[in-house]
Amino acid sequence: MFLAYLDHMLCPQLQSGQAVIMDNLSSHRSTGGRERIEAVGASLLIQRPTPYLNPIENAWAKLKQQLRAVKARKATALDQAIAELLPTIRPGRAGMDQTSTPPAIPIDNQL
């Protein structure tokens with residue numbers, strides 16, 4: 001599916017010298033993906049996961065941290081814990097320092 005998207009949608013729009021930045025999803029690292037992108041003269045950069053680009057990652061991390069502390073081991077206890085904990089997560093960076101400057105975004109083009 002991903003390679004078909006590259007062949008029919010993305011690659012025909014790319015020009016030499018452009019860069020495609022993708023996340024680290026396994027299909028984005030599939031054999032043939034990089035070759036298709038580089039065949040049109042573009043380059044592929046794989047973005048390592050970073051909560052600064054995707055704030056929902058912070059919310060999930062906070063929820064998982066709280067769930068580990070609750071130690072719910074049965075489905076009903078887990079459901080109840082999630083129902084109680086979700087409302088405690090606030091918008092923004094889910095408890096991260098709102099004034100901090102995000103670090104440099106790591107990009108790994110060796111994948």
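Helix 3, which spans residues 56-70, has 15 residues and reaches 21 Å from its first C-alpha to its last, close to the 21 Å expected at 1.5 Å a residue, the expected span being 1.5 Å times one less than the number of residues. Helices are DSSP runs of H or I with at least four residues and strands are runs of E with at least two, numbered from the N terminus. This is a predicted model, in which local features need pLDDT of at least 70 and side-chain atom pairs count only at pLDDT 80 or more, while totals for chains, interfaces and linings use all residues. Residues are numbered from 1 along each chain as its sequence is written, and side-chain values use heavy atoms, with hydrogens and water left out.

Within helix 3, Asn58, Ala59, Leu63 and Leu67 are buried (under 20% relative accessible area, with a 1.4 Å probe and protein chains only), and their cover includes helix 4 (75-85). Just after helix 3, Lys71 takes a positive phi of about 60 degrees.

The chain averages a pLDDT of 78, pLDDT being the predictor's confidence in each residue, from 0 to 100.

| Element | Residues | Mean pLDDT |
|---|---|---|
| Helix 2 | 33-39 | 91 (highest) |
| Strand 3 | 107-108 | 54 (lowest) |

Definitions and conventions:
Buried means under 20% relative accessible area, exposed over 50%, partly exposed in between (1.4 Å probe, protein chains only). Contact means heavy atoms within 4.5 Å.
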